[in-house]
Amino acid sequence: MNKKILVPIIISIISILLVFNTTCVNGVNLSLVDETQDIIHMIDGVTSATNQAVLPEIDIVSLEMNESTVAVTFLDTPVLSINNFYDFIVYWNGDQNGNFTDGHWNQGNIISQTYLVNSTGDIIVSTKANDSIAIIGYTLYYPILNASLIVTDLDPINMIMDARQRDGTGPDFYQDTLEYNTGESVPGFTFVASIIGVATLVVTVIFSRKKH
């Protein structure tokens, strides 16, 4: 097979894979699963015990994000109490200082917020909404306020769900945390690498057949 035919074939394969990736894989649909019975016990800022099978109401099971909501499910029904804290935050577009959505579910403090800035630091939107977090069964639903203004298909760079129960007014508390972090790698790097791998494989096969 000559090079004039080879090049269009490779381009076609890459194009098909890119289209598939665009329509089937994106940051809007993110699903995370957390290990259960992994509560830690903290006293005076020091971890005294791990993997505790206690307090299922703060034991995170999973987190699912779509274009408008973040749903966090627990082993048991979350408890709205002055001593229970269910805090969520996601940083958008690689800027942990400027673009974020968060939510806090605690007795006397149920609030959601989205804060976005542009490349020069000017505020695009700063919106807060009280009593905006819903609970259905074992799941808390955090709204993504002003989702239409968040660019790059809602790609989350860092996301933390933290659930805690304080033991009275002292420094003793139990905690479970689920964190998602893309780190320094470029989103989609694995997929790009796979495209290059497929293209290389195609070239190798074609040229090996040509030799025969």
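Before turning to burial I note the cut-off: a residue counts as buried when its relative accessible area is under 20%. I also keep in mind that this is a predicted model.

Entry on strand S7. I asked how many residues of S7 are buried. In this strand, which spans residues 100–106, I found 6 of the 7 residues buried, so by the under 20% cut-off the strand is mostly covered.

Entry on its pairing. I next looked up which strands pair with S7, and found that S6 (residues 84–92) runs antiparallel to S7, with 6 bridges between the two. On the other pairing I looked up, S7 is joined to S8 (residues 109–117) by 7 bridges, and these strands are antiparallel as well.

Entry on one residue. I followed Trp 105 of S7, which is the bridge partner of Tyr 86 and is also bridged to Ile 110 in S8.

Entry on the whole protein. I recorded 2 helices and 13 strands, and I noted that buried residues account for 37% of the 212 residues. For contacts between residues at least 6 apart in sequence, I noted that 56% join residues at least 24 apart. The accessible surface comes to about 12000 Å², with 57% of that area belonging to carbon and sulfur atoms.

Methods: Residues numbered from 1 in each chain as written. Predicted model: local features only at pLDDT ≥ 70, side-chain atom pairs only at ≥ 80, totals over all residues. Heavy atoms only, no water. Helix = DSSP H or I, 4+ residues; strand = E, 2+ residues; numbered from the N terminus. Buried < 20%, exposed > 50% of the residue type's maximum accessible area, 1.4 Å probe, protein only. Contact = heavy atoms within 4.5 Å. Areas by Shrake-Rupley, 256 points an atom, 1.4 Å probe, with all protein chains shown as cover. Pairing = 2+ DSSP bridges.
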